[in-house]
Amino acid sequence: MANMGTNNSHADVVIIGAGAVGAATACELARRGASVTVLEAGDAVGNGCSYANAGLLAPSHVEPLTTPANVLDGLRYMFAPDSPFHVHPNPKLLPWFLQFAAASTPRRARAMTARLQELAEHSLQLHAAYADDGMDTGYRHSGSMDVFLTEQHYEQTRETFDDGAGAPGGGTHQPGADSGQTRLLTADETRTLEPALGTVAGAIHRPAEAICGSQEFVAATLKTAEQHGATIHWGTHVRQLDAGATRITGVSTNRGRFTGDEYVVAAGLESDRLCGNVGVRMPLQGAKGYVVDLEVTGEVPEIPMLFKELKVVATPYPDRLRLSGTLELGGDPRELNQRRIQAIRDAGDRGLPRLNISRTIQTWAGQRPCTSDGVPVIGRSTKRPNLTVTAGHGMWGLTLGPVTGELVARGLLEAAPTLHEAAFSPDRFSRS
Ligand SMILES: Cc1cc2nc3c(=O)[nH]c(=O)nc-3n(C[C@H](O)[C@H](O)[C@H](O)COP(=O)(O)OP(=O)(O)OC[C@H]3O[C@@H](n4cnc5c(N)ncnc54)[C@H](O)[C@@H]3O)c2cc1C
């Protein structure tokens with residue numbers, strides 16, 4: 001049982017939240033010698049969105065959620081019960097969605113995609129380095145594939161490749177020279193590379209990309225943080241940040257009060273409430289996604305793959321095949337919509353027809369924390385000079401966890417200007 005009443009240990013940095021982002025931040029800070037206290041409401045790893053995800057470390061896919069295509073998809077699929085992207089017509093969502101639509105300009109989408117992919121590339125290297133250092137994150141240099149089931153989509157993609165623009169959805173991503181080049185594969189080449197697939201039109205193969213385990217990543221980064229002196233307080237729910245005229249003076253929890261020189265809010269969807277209480281407004285919405293874990297035999301794939309038209313990812317882990325997908329805004333976060341779950345399973349059946357499914361291990365839905373401008377918050381507040389926020393990583397918190405931790409650690413410990421990028425600033429919503 002952790003301390004009740006006042007907690008006297010004072011840390012260099014107090015981190016609120018031990019999901020993928022908070023755990024990686026704790027790891028990067030502790031490895032650089034900071035004394036770190038992590039406060040986590042859950043009793044164990046994976047209390048929030050980092051409980052499960054597709055596990056892709058895929059810089060080529062990282063982009064802001066705010067793209068013109070996503071706005072169109074949201075409107076197009078609004079009334080489709082089994083669509084992969086769904087916006088519930090919920091009046092409470094309207095202000096958030098209007099900001100989202102306003103941020104979805106082609107120019108901004110291009111600029112933010114380039115910057116996020118640059119960060120994701122670096123983060124992928126950090127993931128690999130963690131594995132080299134012996135951290136058991138479940139990392140596997142698997143490569144990844146975008147699989148096209150229809151000729152129409154394949155042909156559209158081929159034209160983009162032939163234009164020399166590179167992989168669509170891949171933006172500026174260029175894999176490292178020693179990792180093999182991203183290639184567009186014909187149907188035969190695709191099935192030769194991945195014989196578990198059924199009928200396909202072709203694929204993009206990205207040998208540089210990788211996967212890791214969601215909970216394994218959190219557990220391993222926290223373990224490393226602890227080995228470097230960090231203290232993790234499980235079952236410790238932060239009720240509020242306490243603030244003086246400008247600075248944060250402590251945090252009040254169900255297990256007493258904790259203090260530090262610096263405070264990092266990495267509380268996923270709750271970051272909104274915690275920061276809002278001290279005047280740092282941050283519109284976050286949960287974008288629901290589903291995970292279906294299957295115990296399988298038969299022809300099981302080796303390479304994680306995105307079925308492009310169906311927007312479903314199949315990730316092979318040693319003990320399961322994970323199917324994941326759907327982005328649902330504005331609905332009931334607790335509801336497990338059976339039609340969407342069935343659509344995900346059907347995508348797996350269609351793409352990987354020779355699988356034998358012995359049982360469903362679990363079906364789960366999580367809320368990706370998404371900002372109204374589609375880009376994460378990674379920065380120091382100018383209003384509260386000892387408050388840093390790392391939240392709203394949306395679809396890509398696992399991929400971007402290490403680089404986020406590094407940006408925070410370098411900003412706080414080396415005074416590097418890594419926490420002052422206007423596009424990621426926590427103050428940007430107050431300004432708008
Ligand atoms: C279906 C699906 C597939 C995905 N696939 C991928 C993928 O392939 N690759 C990828 O990079 N990302 C993927 N993601 C996204 C990724 O999982 C998220 O971006 C990431 O988990 C967010 O991590 P986080 O640490 O910001 O938030 P969370 O994991 O939600 O962590 C926040 C933590 O803060 C704690 N907390 C909250 N409030 C308090 C409080 N008041 N006091 C103390 N603790 C508090 C919570 O208990 C929680 O543990 C996927 C997500 C889903 C749902």
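Tutor: Arg-322 and Asp-293 form a salt bridge, with 2.7 Å between the closest N and O atoms. Arg-322 belongs to strand S16 (residues 320-329) and Asp-293 to strand S13 (residues 284-298), so this pair ties together parts that lie 29 residues apart in sequence. The term salt bridge here means a side-chain nitrogen of Lys or Arg within 4 Å of a carboxyl oxygen of Asp or Glu. Strands (E, at least two residues) and helices (H or I, at least four) are DSSP runs, numbered from the N terminus.

The model is predicted: local features need pLDDT of at least 70, side-chain atom pairs count only at pLDDT 80 or more, and totals for chains, interfaces and linings use all residues. Residues are numbered from 1 along each chain as its sequence is written, and side-chain values use heavy atoms, with hydrogens and water left out.

Arg-322 is buried, at a relative accessible area of 6%, and Asp-293 is buried too, at 0%. Buried stands for under 20% relative accessible area, exposed for over 50%, and partly exposed for what lies in between (1.4 Å probe, protein chains only).

Another salt bridge joins Glu-270 and Arg-273, whose closest N and O atoms are 3.0 Å apart. Here Glu-270 is partly exposed, with 35% relative accessibility, and Arg-273 is partly exposed as well, with 31%.

Glu-414 forms a salt bridge with Arg-32, and the closest N and O atoms are 3.6 Å apart. This pair links distant parts of the chain, 382 residues apart: Glu-414 sits in the loop between helix H10 (397-413) and helix H11 (428-431), while Arg-32 sits in the loop between helix H1 (20-31) and strand S2 (36-39). Glu-414 has a relative accessible area of 43%, which means that Glu-414 is partly exposed. Arg-32, at 33%, is likewise partly exposed. Both residues also belong to a network of salt bridges that links Glu-28, Arg-32, Arg-410 and Glu-414.

As a general point, side chains of opposite charge can pair when their charged atoms come close. By the rule given above, the model has a count of 22 salt bridges; among them are the pair Arg-322 and Asp-293, the pair Glu-270 and Arg-273, and the pair Glu-414 and Arg-32.
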